[in-house]
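Hello,

Here is the structure I promised to hand over. Please open it first, then read my notes below.

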Amino acid sequence: MKIAMIGSGYVGLVSGACLADFGHEVVCIDKSSVKIDALKRMEMPIFEPGLEDLVAANVRAGRLSFTTELSAPVAEADVVFIAVGTPSRRGDGHADLSYVYGAAREIAMAIRGFTVVVTKSTVPVGTGDEVERIIREANPDADVVAVSNPEFLREGAAIADFKRPDRIVIGIEDERAREPMTEVYRPLFLNQSPLMFTARRTSELIKYAANAFLATKITFINEIADLCEKVGANVQDVARGIGLDNRIGSKFLNAGPGYGGSCFPKDTLALVKTGHDHGSPLRLVETTVAVNEQRKRAMARKVFAACGGDVRGKSIAILGLTFKPNTDDMREAPSLAIIQALQDGGAIVRAYDPEGMEQAGLLLEGVQYGQGPYDIAEGADALVLLTEWDAFRALDFVRLKTLMAAPVFVDLRNVYRREQIERHGFHYLSVGRPGED
Ligand code: NAD
């Protein structure tokens, strides 16, 4: 099939490269000439494990190309995907749909013949109706059906997630979309990934419900972690004890500094807004949003406590900035709020992240970036592990102790065991485990 992918960010680029790998002919389009020029030079504009090789192989095979010009690839395409950003609208938390609608208007002027227009971006219920209306209004002759096909891939494991998804959700209102969408995903279907066809609005809501549920699950275990600290229980054992129950499941039960990233924060907010707009408030999700927000400040307070209650003039070394490992995405990373709170408290912040420092540099002020864990630890009054990159899983605490001004280690991802660290003479704080006070 001929596919045009509009938006070549974390989702569009990975999806486009994977669809090309399935054997389709894919053109990835982006308004950003910086991104497209980089891609043409085979330089990846984002960090995602395995992406460079996948892109290179499919470009070589002649199935994948890049352009800033939407008209020709859209005219030729059987299926056009919209994978542009849907950030929170400034001020009210609604999803900002201006990029989606802008893309729909451009598509309208370019399509030729029967075309399936698929919204892969995460969009509120009813957006598909509006995409179809915009295209019909701008081009009354357009023979188009609008489909919802939300994406569930995770940054850091995006290729594997796209190629072996738990399910593919496709929301259609017109039966003519069924066959081409089945064709797009045929290789996955052969791998027995369930292809689930629903009504379009249902499909749109599935994505938000999934993300809100996962955000709530994380927030739940974070609150249980707080209680564990008060009562002397161990949140990791609690998580295992409940997670082994198949009805609960063991994933997303790692207590930590709160969820972040480019999806959960904006998607939970947008779902709350949809609930209000339709007179059907989602109080659980509202509370999840509020609890998660407070958590970041609570994590900063943990660092204050580790430093004897005051961080003024102290040097704090931060290991990990991205919201999770294996990505360079800094959008809504908990590190942003935690570092801000430390700086507000008068701390001097040094930081290291294997991939996130470039983007962090655009979002944070006054942070000194180092070359690695031992570099930033030099002279530090506390070392804080914020993101569980593999590179931080086997730190040399003997060396760290000789470098640091004070042996204080705050492990906000529970990567280490208390005895392991205290043995080296460190004061150790983690999340939701005995001995936190
Ligand atoms: P992104 O910001 O990385 O990429 C969006 C790209 O779209 C940008 O490169 C931008 O330049 C481009 N763009 C915007 N308008 C355009 C237009 N009219 N024509 C061509 N290009 C245009 O965003 P992302 O993280 O890939 O997310 C895209 C969507 O997928 C969002 O709705 C997001 O919620 C959803 N999603 C993201 C993830 C994730 O892990 N990042 C996972 C699942 C779903």
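**What I found**

Start at phenylalanine 409, which sits in strand 13 (residues 408-411). Helices (H or I, at least four residues) and strands (E, at least two) are DSSP runs, numbered from the N terminus.

Before going on, note what kind of model this is. It is predicted: local features need pLDDT of at least 70, side-chain atom pairs count only at pLDDT 80 or more, and totals for chains, interfaces and linings use all residues. Residues are numbered from 1 along each chain as its sequence is written. The average pLDDT of the chain is 97, and 100% of the residues score at least 70. That score is the predictor's confidence in each residue, from 0 to 100. For the complex, the predictor gives an ipTM of 0.99 and a pTM of 0.96.

**Around phenylalanine 409**

Is phenylalanine 409 buried or exposed? It is buried, because 26 other C-beta atoms lie within 10 Å. The cut-offs are these: buried means 20 or more other C-beta atoms within 10 Å of a residue's own, exposed means 12 or fewer, and partly exposed is in between, with C-beta atoms placed from the backbone.

Set aside the neighbours within four places in sequence. Phenylalanine 409 is then in contact with Leu383, Ile421, Phe426 and Tyr428. Contact means that the C-beta atoms of two residues, placed from the backbone, lie within 7 Å. Aspartate 381 is 28 residues from phenylalanine 409 in sequence, and the two are 9.1 Å apart in space, C-alpha to C-alpha.

**Domains and cores**

The domain assignment of the chain gives domain 1 (2-198) and domain 2 (234-437). Such bounds come from an automatic or database domain assignment. The centres of domain 1 and domain 2, taken over C-alpha atoms, are 33 Å apart. Domain 1 brings 16 residues to the contact, and domain 2 brings 15 residues. On the side of domain 1 that touches domain 2, eight residues are nonpolar, five polar and three charged. Here Ala, Val, Leu, Ile, Met, Phe, Trp, Tyr, Cys and Pro count as nonpolar, Asp, Glu, Lys and Arg as charged, and the others, Gly among them, as polar.

Next, the cores. A nonpolar core is a set of buried Ala, Val, Leu, Ile, Met, Phe, Trp, Tyr and Cys residues joined through C-beta atoms within 7 Å. The largest one has 75 residues. Met5, Ile6, Val80, Ile107, Val117 and Val147 have the most contacts inside it. Helix 1 gives the largest share of this core, eight residues. At least three residues of this core come from each of domain 1 (2-198) and domain 2 (234-437). Another core lies apart from it, with 54 residues, among them Phe323, Leu383, Phe409 and Tyr416.

Isoleucine 107 is in contact with Val74, Val80, Val117 and Ile135, leaving aside its neighbours within four places in sequence.

**The ligand**

How many residues surround the ligand? There are 27, and the closest are Gly7, Gly9, Val11, Ser121 and Thr122. A residue is near a molecule if its C-beta atom, placed from the backbone, lies within 6 Å of it. Helix 1 (10-21) and helix 5 (98-110) each supply at least two residues of this shell. Helix 5 gives the largest share, four residues. By class, the shell has 10 nonpolar, 11 polar and six charged residues.

**Two backbone angles to check**

Most residues other than glycine have a negative phi. Phenylalanine 252 has a positive one, near 65°. Its place is the loop between helix 11 (235-243) and helix 12 (264-277). Phenylalanine 252 is partly exposed, because 17 other C-beta atoms lie within 10 Å.

Asparagine 326 also has a positive phi, near 65°. Asparagine 326 is in the loop between strand 9 (315-319) and helix 14 (334-344). With 19 other C-beta atoms within 10 Å, asparagine 326 is partly exposed.

Arginine 178 is in helix 8 (residues 178-184). It touches Ile172 and Phe197, not counting residues up to four places away in sequence. Alanine 209 is in helix 10 (residues 200-231). In space, alanine 209 and threonine 268 are 8.7 Å apart, C-alpha to C-alpha, and in sequence they are 59 residues apart.

Best wishes
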